[in-house]
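Okay, thanks everyone, let me get the model up on the screen. I'll walk you through a few spots in it.

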Amino acid sequence: MPELASGDSIPELRVTPDKYLPHRYAGASGDFNPIHIDPEFAKAVGLPNNILHGLYMMGLVARANSALADGDPRALRRLSVQFRGMGMPEQEIVVSGTVKEVDDGRVVVDTVASQGDNQVIRNAEAELQL
């Protein structure tokens with residue numbers, strides 16, 4: 001477990017979801033909304049293509065923060081996010097964060113998930129007990 005201080009950056013998590021990920025995630029989550037799995041439907045309703053599930057992207061934020069506890073998800077006590085953009089398959093997602101507060105093993109991290117200039121998740125806050 002690293003020594004953390006307010007202002008420290010957490011290690012970036014970089015993931016490029018393949019074009020089949022929305023199908024696999026739909027099966028795992030039970031969310032078969034066609035905007036996630038059918039590119040033609042997504043375009044017909046005004047989207048540029050099919051989009052990633054928001055909870056998948058939130059899961060990446062949780063994963064990036066859990067890395068502070070050597071990947072142990074039990075360390076993550078609270079996670080709040082604001083979904084601010086649409087994530088697309090086959091484009092790299094970069095999750096980054098800055099330690100906001102450290103107090104007796106409790107760590108609070110401000111986190112962002114981006115695809116290029118598009119911040120798909122902003123104002124995310126993770127609280128961990130390390």
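So, the side chain of Gln115 reaches the backbone nitrogen of Met88 at 2.8 Å, and it also reaches the backbone oxygen of Gln91 at 2.8 Å. Quick caveat: this is a predicted model, where local features need pLDDT of at least 70, side-chain atom pairs count only at pLDDT 80 or more, and totals for chains, interfaces and linings use all residues. Residues are numbered from 1 along each chain as its sequence is written, and side-chain values use heavy atoms, with hydrogens and water left out.

Back to Gln115, which sits in strand 4, residues 106–115; strands here are DSSP runs of E, at least two residues, and helices are runs of H or I, at least four, numbered from the N terminus. Gln115 is buried, at 6% relative accessible area, where buried means under 20% with a 1.4 Å probe, protein chains only. Leaving aside neighbours within four places in sequence, Gln115 has contacts that include Leu52, Ile93 and Val120; contact means heavy atoms within 4.5 Å.

Leu52 also turns up for Leu21, which is in contact with Leu52 and Tyr56 once neighbours within four places in sequence are set aside. Leu21 is in helix 1, residues 21–29, and is buried too, at 12%.

Tyr56 takes us to helix 4, residues 54–66, where Tyr56, Met57 and Leu60 are among the buried ones.

Terms used: Buried < 20%, exposed > 50% of the residue type's maximum accessible area, 1.4 Å probe, protein only. Polar contact = N/O pair within 3.5 Å; in protein donor to acceptor, adjacent residues only side chain to side chain.
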